[in-house]
Amino acid sequence: MVEPSCAELIAEAAAAPVDGWGFGWLDGRATEERPPWGYARQVAARMATVTTALDIDTGGGEVLAELPQPPPLLVATEAWPPNVAVARRTLRRVDGRVVQVAPASRLPFRAAVFDLVTSRHPVDTPWAEIARVLRPGGRYLSQQIGAGTMRELSEAVLGPLPPPVTRHTAQAVAAARSAGLHVVRLERATLRAVFHDIGAVVWFLRKVVWTVPDFDVDRYRPQLERLHAHIRAEGAFVAHSRRFLIEAVKPTDGTV
């Protein structure tokens with residue numbers, strides 16, 4: 001069997017859809033270790049105990065769609081229009097409502113309305129807004145992207161980079177406290193990611209846009225060809241993602 005060429009693999013990945021926040025297209029082509037805390041399980045457990053919940057940057061609604069016991073009022077926000085349509089279809093099964101928002105805008109909800117706010121890999125975390133919409137005693141639970149995630153892949157395309165200045169856990173903790181929330185849990189993980197062909201790399205870079213913010217197949221074709229040669233010679237390209245889990249509580253004494 002003749003293996004696909006570099007150009008064929010790139011063309012296939014460049015044409016594949018990247019809507020939603022699922023990664024099924026990478027099955028058999030790339031793998032990534034999962035964080036040890038089981039974010040989806042954590043969310044499901046908390047959702048089963050509340051009456052009102054909000055998911056920020058829901059993507060295609062993939063996490064919420066698997067809830068075995070959704071709360072009576074389940075709302076999600078999403079800023080990217082293609083994801084909004086996907087999430088609205090996906091969340092019908094759990095009777096969830098999706099609200100389209102503008103990037104970096106205020107949350108379009110009254111104060112103190114949600115028992116629980118969640119987010120997986122938010123673009124930015126609007127700590128003050130989260131504190132505002134949480135009821136006293138309410139919780140925010142989030143799995144976030146850590147500083148320097150996928151740095152090996154970023155540098156394979158962009159060359160050497162300076163140390164990361166954002167997405168550090170200390171920054172998240174400070175921002176939560178500044179908003180008046182009490183951080184009650186913080187866990188970190190470094191996870192191995194393995195790409196088995198250049199198509200998987202291209203598709204990943206198209207979907208996870210912050211890895212190479214100006215990614216374009218034609219602009220970076222020489223780098224992609226070098227990566228392809230590396231994968232053929234070594235069998236895979238290995239990078240590491242960084243994640244952290246943060247949980248914060250709104251105090252009940254009215255200080256927020």
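**Before starting**

I reminded myself that this is a predicted model.

**Entry 1: the annotated span**

I began with the record. UniProt, in an unreviewed entry, places the feature "domain: Methyltransferase type" at residues 54-140. I then looked up that span in the model and found its end C-alpha atoms 9 Å apart. Its make-up came out as 24% helix and 30% strand.

**Entry 2: helix α8**

Next I turned to α8, residues 198-207. Is α8 mostly covered or mostly open? I found it mostly covered, with 9 of its 10 residues buried. My list of the buried ones reads Ile198, Gly199, Ala200, Val201, Val202, Trp203, Phe204, Leu205 and Lys207.

**Entry 3: α8 against α9**

For a helix pair, I want the angle between the axes and the distance between them. The axes of α8 and α9 (residues 221-234) come within 9 Å and cross at roughly 135°. I put the pair down as oblique, because roughly antiparallel would need an angle over 145 degrees.

Which residues meet here? From α8 I wrote down Ile198, Val201 and Val202, and from α9 Leu224, Leu227, His228 and Ile231. By class, the residues of this contact divide into 6 nonpolar, 1 polar and no charged. The spacing made me think of helix geometry: an α-helix has 3.6 residues a turn, so residues three or four places apart point the same way.

**Entry 4: Lys250**

I followed the chain to the segment after β8 (237-249), where Lys250 lies. Is Lys250 buried or exposed? With a relative accessible area of 6%, Lys250 is buried, because the cut-off for that is under 20%.

A polar atom of the Lys250 side chain lies 2.9 Å from the backbone oxygen of Ala131. For the backbone oxygen of Leu134, I have a polar atom of the Lys250 side chain at 2.6 Å.

Most residues other than glycine have a negative phi, so I checked for exceptions.

His121, in the loop between β5 (114-120) and α5 (127-133), has a phi near 60°. His121 is buried too, at a relative accessible area of 12%.

Met150 has a phi near 55°, and I found its place in the loop between β6 (134-145) and α6. At 3% relative accessibility, Met150 counts as buried.

**Entry 5: Thr169**

My last stop was Thr169, which lies in helix α7 (residues 169-178). At 16% relative accessibility, I count Thr169 as buried.

What does Thr169 touch, leaving aside residues up to four places away in sequence? I found Leu186, Arg188 and Phe244. For the pair Thr169 and Leu186, I noted 17 residues of separation in sequence and 8.2 Å between C-alpha atoms.

Technical notes
Residues are numbered from 1 along each chain as its sequence is written. This is a predicted model: local features need pLDDT of at least 70, side-chain atom pairs count only at pLDDT 80 or more; totals for chains, interfaces and linings use all residues. Side-chain values use heavy atoms; hydrogens and water are left out. Axes are lines fitted to C-alpha atoms, for helices over the stretch in contact, and angles run from 0 to 180 degrees between N-to-C directions. Helices (H or I, at least four residues) and strands (E, at least two) are DSSP runs, numbered from the N terminus. Angles under 35 degrees count as roughly parallel, over 145 as roughly antiparallel, 65 to 115 as roughly perpendicular and the rest as oblique. Contact means heavy atoms within 4.5 Å. Ala, Val, Leu, Ile, Met, Phe, Trp, Tyr, Cys and Pro count as nonpolar, Asp, Glu, Lys and Arg as charged, and the others, Gly among them, as polar. UniProt positions are given in the numbering used here, feature names are shortened, and annotations may be inferred rather than shown by experiment. Buried means under 20% relative accessible area, exposed over 50%, partly exposed in between (1.4 Å probe, protein chains only). A polar contact is a pair of N or O atoms within 3.5 Å; within protein, one must be able to donate a hydrogen and the other to accept it, and residues adjacent in sequence count only if both atoms are side-chain atoms.
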